[in-house]
Amino acid sequence: QVQLVESGGGLVQPGGSLRLSCAASENIVNFLTMAWYRQAPGQQRELVAIINVRGSTNYADSVKGRFTISKDNAKNSVDLQMNNLKPEDTAVYYCNAYQIGRASWGQGTQVTVSS
């Protein structure tokens, strides 16, 4: 089972930026998709951004134009660049790796957007 470790969360003011990083313990080309999810208090976990092995990406409507997911296969890492952050982006952000028959989650990193 792959281990995923997120980093880069923190407190940022509205309009600010953060870059989250997910470090995987095995080659990420083994996975059909890598993704970022988030979960706010009292809410269900929601897909934010996803990238497949070919580099194709999709985003939640709420973050389109503001967030960018990227990967570095050589470094086994997946990043989420978050720009123009809004208070409603406040959540715990989780890295996800999916392959047929298995899926793995990181522990999560807190992002708080507040003035």
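A residue counts as buried when its relative accessible area is under 20%, exposed when over 50%, and partly exposed in between, using a 1.4 Å probe and protein chains only. At 0% relative accessibility, Cys95 is buried. Cys22 is buried too, with a relative accessible area of 1%.

This is a predicted model, where local features need pLDDT of at least 70 and side-chain atom pairs count only at pLDDT 80 or more, while totals for chains, interfaces and linings use all residues. Residues are numbered from 1 along each chain as its sequence is written, and side-chain values use heavy atoms, with hydrogens and water left out.

Back to the two cysteines. A disulfide is a pair of cysteine sulfur atoms within 2.5 Å. The structure holds one. It joins Cys22 to Cys95, with 2.1 Å from S to S. Cys22 lies in strand E3 and Cys95 in strand E9, so the bond ties together parts that are 73 residues apart in sequence. Strands (E, at least two residues) are DSSP runs, numbered from the N terminus. The torsion about the S-S bond is about -80°, so this disulfide is left-handed.

Next comes the core. In soluble globular proteins, nonpolar side chains tend to be buried together. A nonpolar core is a set of buried Ala, Val, Leu, Ile, Met, Phe, Trp, Tyr and Cys residues joined through side-chain atoms within 4.5 Å. The largest one here has 28 residues. Leu4, Met34, Trp36, Phe67, Leu80, Met82 and Tyr93 touch the most other members. Strands that give two or more residues to this core include E3 (18-24), E4 (33-39) and E9 (91-99).

Take Leu80. Contact means heavy atoms within 4.5 Å. Leaving out residues up to four places away in sequence, Leu80 touches Trp36, Phe67 and Tyr93, among others.

On a 1 Å grid over the protein atoms alone, a cavity is a set of points where a 1.4 Å probe fits but cannot get out, and lining residues have an atom within 4 Å of a point. One cavity of 30 Å³ or more is counted. About 40 Å³ of space lies in the largest cavity. Its lining includes Ile28, Phe31, Met34, Asn52 and Lys71. E4 and E5 each supply at least two of the lining residues.

Finish at Pro87, in the loop between E8 and E9. Pro87 is partly exposed, with a relative accessible area of 45%. Leaving aside neighbours within four places in sequence, Pro87 is in contact with Pro14 and Val113.

Notes
Helices (H or I, at least four residues) and strands (E, at least two) are DSSP runs, numbered from the N terminus. On a 1 Å grid over the protein atoms alone, a cavity is a set of points where a 1.4 Å probe fits but cannot get out, and a pocket is an open set with protein on both sides within 12 Å along at least five of seven lines; lining residues have an atom within 4 Å of a point. Grid points are joined across faces, edges and corners, and a volume is the space filled by probe spheres set on the points.
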